[in-house]
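The model is a predicted one, and I worked from it alone.

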Amino acid sequence: MSDFYCLDIEFPNVDFDPFFIKGKAEIEKVHRAHLFANGSEIVLNFYYDSRTYFGEKLSTWIDSIDCQKFGSFLKVDVANTIGNSRLIKVDLSHAEFISCTNSTEFYEGRFKYVQVKINTARFYWEPNDNEKLFGEFYLDDKGFRIVEPFYSFLWTETSSTNSGKFSITRMSDSKKFYKIGNSTFRPEFNFVSKDNRKNRTATIIKEPKIHFKYNLGITEKEAIFYGDVVLMLASFYHHIKIDYILRRIHLPEYTITIKNVEEKSNLEIVGNLWSFGIFWDFNKFLERSWQKETIKNYFLISKAITLFNQSHLVDDSSSFLIKYNILEICDKQKTNNEKFNFILSEKSIKIKQEEALNLLLKTIDPVESEKFKNRWQNILPLLQYKPMKNQMVTFLESQGLKPDTFPVSIKNLKELRNNITHGSIDKVNLELLRKANILLYRICGILILNLMGVKDWKLNTKIV
């Protein structure tokens, strides 16, 4: 297989002329490019005539766009399949721009090239008759914690004889596969060995992955979606953003590989569900009935979990605001205003209201009487309804929580939110903020569990 993929790339709706200086030659409509995606980076080398200044123009143009939508500007065709004969199509439409390098040393023959790094690439291959209806979703380093609890240690097969055989078996209390939609899945290790006969030490590397088995009729969209759901679930359980670095999906019509760049982070967080009164390991979590509600509420849950994990990476004030925002986005209830029971007819009510207005006008400076009348007309419709209960209180009660038992009141939570939002930091009680952050962490986790259909939680209202 070649070290790179040869592509023809167009920018159909981009005019590069206004960016940078005018070149001494015209920019080609179709750009020859080499895509490298074998290591920890995904790199595009665009080749061009140096007289066009395409590299400089591309760099300047990128500064003017939303970098997350970089791939949407590209039209990609496979130019050469030598060494990659099964390759059908390359899709970069989901790619986000990471960096651009344009060096005087970047030459191959008479062509100069500019190097663009992106975060993802999707490849479509001719199907493999021996490998269909399964998927391998390889996890980044943080994903090791998902798979590790499912396996025992590496042991020799028999302790009494030196058979030379070793095995790593699955833990006896983990089920074989879990069902989701039109597929089943389970966390697995992929074992890769490295050895040299002259070396005393041989190495076995454990690569964490989620293994999927698909039913007939599975679509590409469904296969990717199920992978995203399981990843979202794992990220929530472990309280940290986990991602796939490679997805390989074998379908009857083609095989798809999706390469992602791993996001590096030095922050280590140990997550579980203990703070929500649930003492399951991840295996027990997967055995519960979360599939139906999680798929139904996927987009809302995904947004909430992204914020939930982000709240662990910032300062206390920012963390509070993020978690408060989770409460607001989870509140999907519609408030129904309740009217008073009037004992008079509409005509009689109108007469009484006119009498009341005339009495009130006697307390107002005549110069401002018209303004008061206008204000009165605006208030009358509101007077038909009974005072509403605090919306956040009613929402939390609808979720099975009892705000009157909270160690930090709803009033105090709102005051903290207002003071932080408006920059009144001197009014923020740091001890109250600490307790509020602990409380909101527990509440947010419970709200996410409710959206998943998991009701086994218990709110701990004690904060030391």
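**Strand pairing**

I began with β5 and found that this strand pairs with β9 (residues 120-125) in the antiparallel sense, over four bridges. In that pairing I noted Asp-91 opposite Arg-122 of β9.

I then traced the sheet to which these strands belong. It is an open sheet of eight strands, in the order β5-β9-β17-β16-β10-β15-β14-β13, and the pairing is antiparallel. I recorded β5 (87-91) and β13 (178-180) as the edge strands, each of which pairs on one side only. From one strand to the next, the twist averages 25°.

I next looked up what packs on this sheet. Helix α3 (residues 220-238) does so, and among the strands it touches are β9, β10 (134-139), β14 (183-194) and β16 (244-250). The direction of α3 makes about 145° with that of β16.

**Strand β8**

I listed partners of β8 in turn. Strand β3 (residues 42-48) pairs with β8 in the antiparallel sense over seven bridges, and Val-43 stands opposite Lys-117. Strand β6 (residues 97-101) runs antiparallel to β8 and is joined to it by four bridges, with Phe-97 opposite Ile-118. Strand β7 (residues 107-108) is also antiparallel to β8, through two bridges, and Glu-108 faces Phe-111 there.

How values were computed:
Residues numbered from 1 in each chain as written. Predicted model: local features only at pLDDT ≥ 70, side-chain atom pairs only at ≥ 80, totals over all residues. Heavy atoms only, no water. Pairing = 2+ DSSP bridges. Axes fitted to C-alpha atoms, helices over the stretch in contact; angles between N-to-C directions. Contact = heavy atoms within 4.5 Å.
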